[in-house]
Amino acid sequence: MNHETYMKLALEEARKAEAIGEVPIGAVIVQHGEVIGRGHNLRETEQNPTYHAEMMAINEAAEYLGSWRLEDCVIYVTLEPCVMCAGAIVMSRIPVVVYGATDPKGGCSGSLMNLLTEPRFNHRATVIKGICQEECSTALTEFFRNIRKNKVARHKGVVNLEVETTEEELEE
Ligand SMILES: [Zn+2]
């Protein structure tokens, strides 16, 4: 299977996050062609700042292997890893990182900095970006567009309850 095939599995994970109102980010970890870890963003549901998709997948893969060293593994993630997840990738010795969309505001795998290729660390990963980029970033932009739409709708609902609806508002 190629990178796109595994990224589609990460996108499936992202959709699981979206289905429960989480920002749609998903990850899978593959070793020798087999998926050994899956994860999706659960930060809001669990109110835990460390429950990013990559962290969930790393925990599952480490448990499966019975080892903190995720050697010969590839992590596929729909969004560029943040400072924490890039750090966890270095700490778990994952040799290859494949991501979809870039994160110019928080990405630490090439955007703001690149912890994965930092020569001063004792571990470096090969980074492949832009796999299924459009699909990965569309999932995110549509999610945030829907949130804004819902906010506006709720706001209008409140306005209509509290004050008399004017003709102008009805025409909208
Ligand atoms: Zn993260």
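Helices (H or I, at least four residues) and strands (E, at least two) are DSSP runs, numbered from the N terminus. This is a predicted model, in which local features need pLDDT of at least 70, side-chain atom pairs count only at pLDDT 80 or more, and totals for chains, interfaces and linings use all residues. Residues are numbered from 1 along each chain as its sequence is written. The protein has six helices and five strands, in the sequence order α-β-β-α-α-β-α-β-β-α-α.

**Overall**

- The C-alpha trace spans about 65 × 30 × 30 Å along its principal axes.
- Of the 172 residues, 35% count as buried (20 or more other C-beta atoms within 10 Å of the residue's own; exposed means 12 or fewer, partly exposed in between, with C-beta atoms placed from the backbone).
- Among contacts between residues at least 6 apart in sequence, 55% join residues at least 24 apart; two residues are in contact if their C-beta atoms, placed from the backbone, lie within 7 Å.

- Helix H4 covers residues 83–91, and its buried residues are Cys85, Ala86, Ala88 and Ile89.

**Packing of H3 against H4**

- Two packed helices are described by the angle between their axes and the distance between the axes.
- For H3 and H4 the angle is about 25° and the axes are 9 Å apart; axes are lines fitted to C-alpha atoms, for helices over the stretch in contact, and angles run from 0 to 180 degrees between N-to-C directions.
- H3 and H4 are therefore roughly parallel to each other (angles under 35 degrees count as roughly parallel, over 145 as roughly antiparallel, 65 to 115 as roughly perpendicular and the rest as oblique).
- The crossing of H3 past H4 is left-handed, a term used if the near helix is turned anticlockwise from the far one by less than a right angle, with right-handed used if clockwise.
- Glu54, Met55 and Ile58 of H3 make the contact with Cys85, Ala88 and Ile89 of H4.
- By class, the residues of this contact are five nonpolar, no polar and one charged (Ala, Val, Leu, Ile, Met, Phe, Trp, Tyr, Cys and Pro count as nonpolar, Asp, Glu, Lys and Arg as charged, and the others, Gly among them, as polar).

**Two buried residues**

- Cysteine 85 lies in helix H4 and is buried, with 27 other C-beta atoms within 10 Å.
- Leaving aside neighbours within four places in sequence, cysteine 85 is in contact with His52, Glu54 and Met55.
- Isoleucine 75 belongs to strand S3 and is buried, with 30 other C-beta atoms within 10 Å.
- Not counting residues up to four places away in sequence, isoleucine 75 touches Ala27, Ile29, Glu54, Ala57, Ile89, Ile94 and Val97.

- Arginine 93 is not a glycine, yet its phi is positive, at about 65°.
- Arginine 93 sits in the loop between H4 and S4 and counts as partly exposed, with 16 C-beta neighbours inside 10 Å.
- Histidine 32, also a residue other than glycine, has a positive phi near 50°.
- Histidine 32 is in the loop between strand S1 (26–31) and strand S2 (34–40), and is exposed, with 8 other C-beta atoms within 10 Å.
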